[in-house]
Amino acid sequence: MHRLDEHRELEPKSLASVGRRFPNWGTFSVSPEGDELRQAKALAQKGLCGYCECALWHDGVLPKGGSHLDHFIPRRTEEGKKMLFSWDNLILSCERKRTCGRRKDDKGVNRAKILNPLRDDVETYITFVLNAAWEVCAVPRPGLSEEDKERAQYNIDVVYNLNDPGLKSDRMNRFCALCARMEECASSAEAGAEEDDMYRQLLDDILAGEFPTSMMDLARERIEMGLPFAAEGGFDR
């Protein structure tokens with residue numbers, strides 16, 4: 001989870017007038033204009049869920065039913081009704097029922113504590129670690145004040161459920177897939193290859209796939225601490 005770039009250049013021109021042409025969100029969402037907006041948000045978010053960063057695109061295609069446009073400020077609220085068709089209030093979310101956009105809109109959530117990836121520097125609150133149980137988990141970033149630490153934990157556990165078992169499993173699978181690539185970089189460095197080129201390629205691999213924020217956190221830790229990567233889907237601690 002990270003702060004999302006606005007990419008206003010991708011905002012469909014039709015969005016400025018849809019409020020006058022469509023009586024409600026339901027009618028708009030199944031229209032060609034609604035599909036155009038989903039595609040634009042997918043492009044702005046590099047094909048990833050704006051919350052958990054799982055892949056929404058498959059071979060460059062956004063499948064129907066695999067994602068939804070989430071109103072960060074819920075459309076059931078008075079403020080949300082005014083921002084029904086606002087680019088600044090829309091995040092393309094995955095369809096997991098217990099996480100992300102679906103979870104955030106539970107009525108019991110304290111909205112004053114929610115981190116907004118369209119406005120807040122989420123990475124300053126939340127980081128990712130590999131724990132003793134071999135799970136890639138979201139945790140509050142070290143060094144936070146007690147107030148900010150509590151807010152980070154609230155977003156991890158209550159608002160977005162970022163440590164849902166399915167999410168932890170998917171992040172671990174992604175990390176295991178990257179381990180061989182990381183091992184290759186470490187071996188090439190020992191053989192005298194240009195480290196800058198190797199790690200630039202590794203960075204490209206991470207940013208091109210799922211869960212880039214968590215993968216960058218894990219890779220950065222290994223590289224900065226000089227810790228070795230194991231060749232078979234894991235690493236030596």
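Colleague: How many disulfides does a search of the whole structure find?
Modeller: Keep in mind that this is a predicted model. A disulfide needs two cysteine sulfur atoms within 2.5 Å. Take Cys49: the nearest cysteine sulfur belongs to Cys52 and sits 3.9 Å away, so Cys49 is in no disulfide. Searching the whole structure, the count of disulfides is 0.

Colleague: Is Cys49 buried or exposed?
Modeller: Buried means under 20% relative accessible area. Cys49 has a relative accessible area of 2%, so this residue is buried.

Colleague: And Cys137, buried or exposed?
Modeller: The cut-off is again under 20% relative accessible area. Cys137 comes out at 9%, so the call for this cysteine is buried.

Colleague: Moving on to the strands, which residue of β2 is the bridge partner of His68?
Modeller: His68 points one way from β1 together with Asp70, while Ser67, Leu69 and His71 point the other way. β1 pairs with β2 (residues 90-94) in the antiparallel sense, over 5 bridges. In β2, the partner of His68 is Ser93.

Colleague: Which elements give two or more residues to the lining of the largest cavity?
Modeller: The structure has 1 cavity of 30 Å³ or more, and the largest has a volume of about 40 Å³. Its lining includes Lys41, Ala44, Leu90 and Ile91. By class, that lining has 5 nonpolar, 1 polar and 2 charged residues. The elements giving two or more residues are α3 (32-44) and β2.

Methods:
Residues numbered from 1 in each chain as written. Predicted model: local features only at pLDDT ≥ 70, side-chain atom pairs only at ≥ 80, totals over all residues. Heavy atoms only, no water. Buried < 20%, exposed > 50% of the residue type's maximum accessible area, 1.4 Å probe, protein only. Helix = DSSP H or I, 4+ residues; strand = E, 2+ residues; numbered from the N terminus. Pairing = 2+ DSSP bridges. 1 Å grid on protein atoms, 1.4 Å probe; cavity = no way out; pocket = protein on both sides within 12 Å on 5 of 7 lines; lining within 4 Å. Points joined across faces, edges and corners; volume = space filled by probe spheres on them. Nonpolar A, V, L, I, M, F, W, Y, C, P; charged D, E, K, R; others polar.
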